[in-house]
Amino acid sequence: MATPVPAKRGKKPRVTSPAATPPAGGQVQSLTRGLRLLELIADAHGSVALTELAQQAGLPNSTTHRLLSTMQQQGFVHQVGDLATGRLAPTPLWWAAVFCRAAICWPLCIRCYGD
C-alpha cells in the first residue's frame with residue numbers, strides 16, 4: 001500500500017510504493033520494476049493507460065514507457081491503440097503452459113483445466 005510522504009509547503013505530497021523503493025540486496029532494480037508492471041497489467045484484467053500504470057507503480061512516466069517499450073520488443077506486452085495503453089501479450093501465457101507441463105505440476109493442471 002502506498003504511503004504519503006510529508007510535502008514541503010506548496011508541493012504535492014510524494015507517494016512511495018514498493019516499486020519506488022530500492023530492491024533488497026542482490027536484486028536488479030529494472031527487472032523488479034518490470035515484473036511489478038506486468039503484475040499491475042495482469043491485475044487490470046485488460047488494457048491500462050501508461051500514466052495510470054506509472055502512478056500505481058510509483059514510477060515516472062518516462063521510466064514506465066521505457067520498461068514497457070522493452071517488454072513490448074520482447075513480446076511480453078502489446079500496445080493497444082496509441083502508445084499510452086498496453087496489455088499482456090502471449091509470452092507470459094507460453095511460460096505458464098511450459099510450467100504446467102512440468103511433471104510436478106501437470107496432474108494439477110489436468111485436474112483444473114482438463115486435457
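Begin by selecting R36 and E39, which form a salt bridge with their closest N and O atoms 3.4 Å apart; the term denotes a side-chain nitrogen of Lys or Arg within 4 Å of a carboxyl oxygen of Asp or Glu. By this rule the count comes to one salt bridge. This is a predicted model, in which local features need pLDDT of at least 70 and side-chain atom pairs count only at pLDDT 80 or more, while totals for chains, interfaces and linings use all residues. Residues are numbered from 1 along each chain as its sequence is written, and side-chain values use heavy atoms, with hydrogens and water left out.

Both R36 and E39 lie in helix 1, three residues apart, about one turn of the helix. Helices are DSSP runs (H or I, at least four residues), numbered from the N terminus. R36 is partly exposed at 25% relative accessibility, and E39 is partly exposed at 45% (buried is under 20% relative accessible area, exposed over 50%, partly exposed in between; 1.4 Å probe, protein chains only).

Next, select L37, I41, L53, L68, M71 and V77, the residues with the most contacts inside the largest nonpolar core, which has 14 residues. Such a core is a set of buried Ala, Val, Leu, Ile, Met, Phe, Trp, Tyr and Cys residues joined through side-chain atoms within 4.5 Å. Helix 1 (29–43), helix 2 (50–57) and helix 3 (61–73) each supply at least two residues of this core, and helix 1 gives the most, with four.

Finally, select L31 in helix 1; L31 is exposed, with a relative accessible area of 53%.
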